[in-house]
Amino acid sequence: MSIFHFYEEIKRGLKENYFLYSEQAFMLQEAYSVFQDHLKEKGEVLNSQVLDISERPPLSLIIETLTTPGFFGNKGWTIVKNAHLLKLEDFKSIAPEIGDSKILFLYNKESPEKIMDIMKEIKFLSVSLRDHEVRHWIEYKAKSMGLKLSEELIQYIEEITEGNPAIAAAELQKIAISGIEKPSLAELKELIYGHSEYDAWDLIEAIKRKDRARALLILRALRTSKKDDLIMVIGALNKFYSGTKDYDTALPILHEMDILSKTNREFLEHLLLRLPGL
């Protein structure tokens with residue numbers, strides 16, 4: 001299974017409860033983004049509640065949310081983010097309380113077999129994206145943004161982003177913002193490379209605005225065209241986070257980025273997505 005199976009569930013109107021899992025953090029976020037769009041379309045956002053396990057809500061709150069009736073009988077979804085932080089015993093406590101509630105788990109690990117044995121009434125779906133599916137996903141994502149890309153452009157985006165869906169999504173977002181619905185190859189190259197003179201402070205501003213797509217685009221431009229400036233970039237990130245409450249969380253990630261900036265630069269984008277605020 002892959003994220004395309006969840007897209008199909010969305011089209012069918014989400015008739016079941018779901019446990020979405022993947023070690024690919026970006027694809028898990030992509031699935032959640034599509035889910036949120038579905039809630040907005042159905043007018044179910046206000047009736048739904050998000051419980052983020054990284055914020056350490058008590059188990060009793062999760063159970064209370066599941067067992068509390070909705071307003072005027074209209075009960076929304078319960079979304080459990082970072083469900084991989086729950087213990088197996090927690091799932092054993094939650095399972096019998098689900099009843100007729102609508103629940104979505106987001107689990108940032110692969111193969112939760114033991115949990116499958118506990119929660120037999122929930123549909124488990126991997127939302128990972130396999131290498132051979134990347135081109136198809138770029139095509140699907142482009143269409144969802146209203147873009148009409150030729151096979152040549154889809155292949156080009158796959159190649160320049162090295163099959164990284166997070167970077168591909170950032171490039172597609174840039175095209176969508178331009179307003180060019182059906183770009184030529186020359187226009188595509190201009191959109192991607194025409195404004196690549198960024199510096200470290202552009203990246204900081206993108207992080208401050210929580211603009212993941214722009215932050216990824218800027219880091220990639222810096223990585224490919226200003227490689228000698230990566231030390232300055234990481235120094236700027238360190239200075240920015242040192243003045244925030246998230247510094248302890250960001251520090252080990254920045255340390256990894258510093259090491260990779262001298263060795264395998266291609267994986268810097270993945271670490272960027274792990275920084276607090278993005």
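How do the residues of the lining of the largest pocket divide into nonpolar, polar and charged? They divide into 16 nonpolar, 11 polar and 9 charged, where Ala, Val, Leu, Ile, Met, Phe, Trp, Tyr, Cys and Pro count as nonpolar, Asp, Glu, Lys and Arg as charged, and the others, Gly among them, as polar. This is a predicted model, in which local features need pLDDT of at least 70 and side-chain atom pairs count only at pLDDT 80 or more, while totals for chains, interfaces and linings use all residues. Residues are numbered from 1 along each chain as its sequence is written, and side-chain values use heavy atoms, with hydrogens and water left out.

**The largest pocket**

- The largest pocket has a volume of about 1300 Å³, a volume being the space filled by probe spheres set on grid points that are joined across faces, edges and corners.
- A pocket is an open set of points, on a 1 Å grid over the protein atoms alone, where a 1.4 Å probe fits, with protein on both sides within 12 Å along at least five of seven lines, and lining residues have an atom within 4 Å of a point.
- Of the 36 residues that line the largest pocket, Ala-25, Phe-26, Asn-108, Leu-273 and Arg-274 are the closest to its centre.
- Helices H2 (25-42), H8 (165-178), H13 (247-260) and H14 (268-274) each supply at least two residues of this lining, helices being DSSP runs (H or I, at least four residues) numbered from the N terminus.
- The largest share of the lining of the largest pocket, 6 residues, comes from H2.

**The second largest pocket**

- About 580 Å³ of space lies in the second largest pocket, which is lined by 25 residues, with Glu-30, Ser-33, Asp-37, Lys-141 and Met-145 nearest its centre.
- Its lining draws at least two residues from each of H1 (3-11), H2, H6 (134-144), H8 and H11 (212-225), and H2 gives the largest share, 10 residues.
- By class, the lining of the second largest pocket has 11 nonpolar, 6 polar and 8 charged residues.

**Helix H1 against H2**

- The axes of H1 and H2 come within 11 Å and cross at roughly 5°, where axes are lines fitted to C-alpha atoms, for helices over the stretch in contact, and angles run from 0 to 180 degrees between N-to-C directions.
- H1 and H2 are therefore roughly parallel to each other, a description used for angles under 35 degrees.
- Ile-3, Phe-6, Tyr-7 and Ile-10 of H1 make the contact with Met-27, Glu-30, Ala-31, Val-34, Phe-35 and His-38 of H2, contact meaning heavy atoms within 4.5 Å.

**Helix H6 against H8**

- H6 and H8 pack at an angle of about 30°, with their axes 10 Å apart, and that makes H6 roughly parallel to H8.
- The contact is made by Trp-137, Ile-138, Lys-141 and Ala-142 of H6 and by Pro-165, Ala-168, Ala-169 and Leu-172 of H8, and its residues divide into 7 nonpolar, no polar and 1 charged.

**Helix H10 against H12**

- The axes of H10 (residues 200-208) and H12 (residues 230-242) come within 9 Å and cross at roughly 40°.
- Ala-200, Trp-201, Leu-203, Ile-204, Ile-207 and Lys-208 in H10 meet Met-232, Val-233, Ala-236, Leu-237, Phe-240 and Tyr-241 in H12, a contact with 11 nonpolar, no polar and 1 charged residues.

Key: Parallel < 35°, antiparallel > 145°, perpendicular 65-115°, else oblique.
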